[in-house]
Amino acid sequence: MMRLEIGSAVEKIVSAVLAEHAGHGDIDVITRDATLHDELGMDEADLIEVMLRAEDRFGVTLPDDAIGFSSTVMDIVDLIAMRMSEKVAPVRLPSPSIAPDA
C-alpha cells in the first residue's frame with residue numbers, strides 16, 4: 001500500500017472520530033501536518049479511538065505511546081507505513097542445489 005493511500009485512509013479515520021464526538025466543531029479539511037490536540041481538538045479518548053481504528057484498518061499493532069497530543073496526521077501515516085514494512089519483510093527462499101547427473 002502506498003503512503004498516499006495510507007494518508008487518505010488515516011485522514012478519513014481522524015475525520016470520522018472527530019465527527020462522532022461532540023464538541024469538536026466542523027473540520028472540513030484535515031491537513032497532514034495538523035496536530036491532533038492543538039489544531040484538531042482531540043482528547044485522549046479520541047487518540048485511542050484513532051489508534052484502534054488504524055490498527056484494525058491496516059492490520060498492524062501500534063505502541064500505546066505512539067500517538068500523543070503533539071502528534072500530527074502525518075506522524076500516524078509514517079508510523080503505519082513503518083509497521084507495515086516490518087510486517088511485509090521479503091521472504092528469502094533457499095537457492096536450489098544443482099547436483100551433477102550421476
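**Close-up views of helix packing and salt bridges**

**View A. A pair within helix α3.** R83 and E86 both sit in helix α3, 3 residues apart, or about one turn of the helix. The model shown is predicted. The side chains of R83 and E86 form a salt bridge, with N and O 3.7 Å apart. That distance falls inside the 4 Å cut-off for a salt bridge. R83 has a relative accessible area of 24%, so R83 counts as partly exposed. E86 is partly exposed too, at 47% relative accessibility.

**View B. R53 and E20, a link between helices.** How many salt bridges does the model hold? The count is 5. One of the salt bridges joins the side chains of R53 and E20, at 2.5 Å from N to O. The pair connects distant parts of the chain: R53 belongs to helix α2 (residues 44-58), E20 to helix α1, and 33 residues separate them. Is E20 buried or exposed? E20 is exposed, because its relative accessible area of 51% is over the 50% limit. R53, at 22% relative accessibility, is partly exposed.

View C. E49 is partly exposed, with a relative accessibility of 26%. Side chains of opposite charge can pair when their charged atoms come close.

**View D. Packing of α1 on α2.** Two packed helices are described by the angle between their axes and the distance between the axes. For α1 and α2, the angle is about 140 degrees and the axes are 10 Å apart. Why is this pair called oblique rather than roughly antiparallel? The angle would have to be over 145 degrees to count as roughly antiparallel, so α1 and α2 are oblique to each other. The crossing of α1 and α2 is right-handed. From α1, the contact uses I6, A9, V10, I13, V14, A16, V17 and E20. From α2, it uses D46, E49, V50, R53, A54, R57 and F58. By class, the contact of α1 with α2 has 10 nonpolar and 5 charged residues, and no polar ones.

**View E. Packing of α1 on α3.** Helix α1 (residues 3-20) and helix α3 (residues 73-87) have axes that come within 9 Å. The axes cross at roughly 125 degrees. Which hand does the crossing of α1 and α3 have? The crossing is right-handed. On the α1 side, R3, I6, G7, V10, E11 and V14 make the contact. Their counterparts in α3 are V73, M74, I76, V77, D78, I80, A81 and M84. The contact of α1 with α3 comprises 10 nonpolar, 1 polar and 3 charged residues.

Note on methods:
Residues numbered from 1 in each chain as written. Predicted model: local features only at pLDDT ≥ 70, side-chain atom pairs only at ≥ 80, totals over all residues. Heavy atoms only, no water. Axes fitted to C-alpha atoms, helices over the stretch in contact; angles between N-to-C directions. Helix = DSSP H or I, 4+ residues; strand = E, 2+ residues; numbered from the N terminus. Left-handed = near helix turned anticlockwise from the far one by under 90°. Contact = heavy atoms within 4.5 Å. Nonpolar A, V, L, I, M, F, W, Y, C, P; charged D, E, K, R; others polar. Buried < 20%, exposed > 50% of the residue type's maximum accessible area, 1.4 Å probe, protein only. Parallel < 35°, antiparallel > 145°, perpendicular 65-115°, else oblique.
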